[in-house]
Amino acid sequence: MRRQNGTRVSEFLLQGLPIPPEQQGWFLTLFLVIYLTTVLGNLLIVLLIRIDSRLHTPMYFFLSVLAFNDVFLSTVTVPKMLEDMQSNHKSISYSGCVSQMYFLIFFACTDNFILAVMAYDRYVAICQPLHYNIIMRKERCISLVAWSWIFSFSHALIHTLLLIQVSFCGDVTIPHFFCELTALLEVSCSDTSLNNLVIFIEGVIIVYIPFTFIMGSYICIWATVLKNPSAKKFFKVLSTCGSHLLVVALFYGTIAEVYFLPSPAMSGAKEIAASVMYMIVTPMLNPFIYSLRNRDIKQALLLFADKMMFFKSNNLV
């Protein structure tokens, strides 16, 4: 590995996924299929919401933002990972590594905020239905997404500016398949106490507060439902909130396992597996979770398929 100006390295080596060489081909195909499914599935959700006027509501607007964000979240790491799986020299340039880390933090943080905004939308719809159209007007929806981007941009920028002050010496091999922030700090040869302190403080603010807000929203939702319990109301709430709760559980569960609840017995391979779950598998599952349990999405998909068949038959004629 080459070095420039003593501490500014020109490239890092990536350890990659802990996969036996004889199984590289199978896993390459698997992750390629997962990535293509993620991109096509999420873009299809965005397209359906865009073309079907019945889906022009705040709930589906936020869902389209989440789906669009998930495409980029996977794209930040998966193509590079697939390239490395075919190469013996798994390297990434210094600028490429810092950029990858920045965008990964940005898109993951945006997912975090959008999930909180979606919980707020469900809270208003169920607990304050008479004021829903006033509270969740178009301008406020756009503002909530814009603030999510601003906070995510600032969060990622803080960690990036702190990282470029860190020195790296010797043969720098990152024990991961991407430029993960804590993994980078572990291979640094300078004092990273400030970086770790900011990670802890930011983690509380950026992760725990939105998560607490989500849980608080659903406590209020179920409290409202239980005031006048009925099977119809229960299943209606379950159908509108169940998908979101499942996505929240997948997203926060895997992140907590990697960053907030690590055990001494947790090996590097298990940590990498958990990272694969929240960065690669969860974005792929989101379209299926929302579409399979959502009647409006299913109807929009059938309508879209009918239009495509009609367009195709007209072209053949």
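Trainee: Is D84 buried or exposed?
Mentor: D84 counts as buried, at 5% relative accessibility. Keep in mind that this is a predicted model.

Trainee: Which side chain does D84 meet in a salt bridge?
Mentor: K80, with 3.2 Å from N to O. K80 counts as buried too, at 18% relative accessibility; the cut-off is under 20%.

Trainee: Where do D84 and K80 lie?
Mentor: Both are in helix 2, residues 58-85. They sit 4 residues apart, about one turn of the helix.

Trainee: How many salt bridges turn up in the whole structure?
Mentor: A search finds 3. One of them joins the side chains of D52 and R54, at 2.9 Å, N to O. Another joins R122 and D121, at 2.8 Å.

Trainee: New topic. How many helices and strands are there?
Mentor: The protein chain has 10 helices and 5 strands. It has 317 residues, and 46% of them count as buried.

Trainee: Which strand holds I174?
Mentor: Strand 5, residues 173-174. I174 is buried, with a relative accessible area of 0%.

Trainee: What does I174 touch, leaving out residues up to four places away in sequence?
Mentor: Its contacts include F12, L13, L14 and Q15, and also C97 and C179. L14 is 160 residues from I174 along the chain, yet their C-alpha atoms are separated by 5.0 Å.

Trainee: Now helix 5 and helix 7. At what angle do their axes cross?
Mentor: Roughly 175°, and the axes come within 10 Å. The two helices are therefore roughly antiparallel to each other.

Trainee: Which residues make that contact?
Mentor: Helix 5 brings H155, I158, H159, L162 and L163. Helix 7 brings L194, N195, V198, I199, E202 and I206.

Trainee: Which residues form the nonpolar patch on the surface?
Mentor: L194, L197, F200, I201, V204, I205, Y208 and I209. Together they have about 750 Å² of accessible area. Y208 is in helix 7, residues 193-227, and is partly exposed at 38% relative accessible area.

Terms used: Residues numbered from 1 in each chain as written. Predicted model: local features only at pLDDT ≥ 70, side-chain atom pairs only at ≥ 80, totals over all residues. Heavy atoms only, no water. Patch = residues over 30% accessible without salt bridge, like charges linked within 9 Å, V, L, I, M, F, W, Y side chains within 5 Å. Areas by Shrake-Rupley, 256 points an atom, 1.4 Å probe, with all protein chains shown as cover. Salt bridge = Lys/Arg side-chain N within 4 Å of Asp/Glu carboxyl O. Buried < 20%, exposed > 50% of the residue type's maximum accessible area, 1.4 Å probe, protein only. Axes fitted to C-alpha atoms, helices over the stretch in contact; angles between N-to-C directions. Parallel < 35°, antiparallel > 145°, perpendicular 65-115°, else oblique. Contact = heavy atoms within 4.5 Å.
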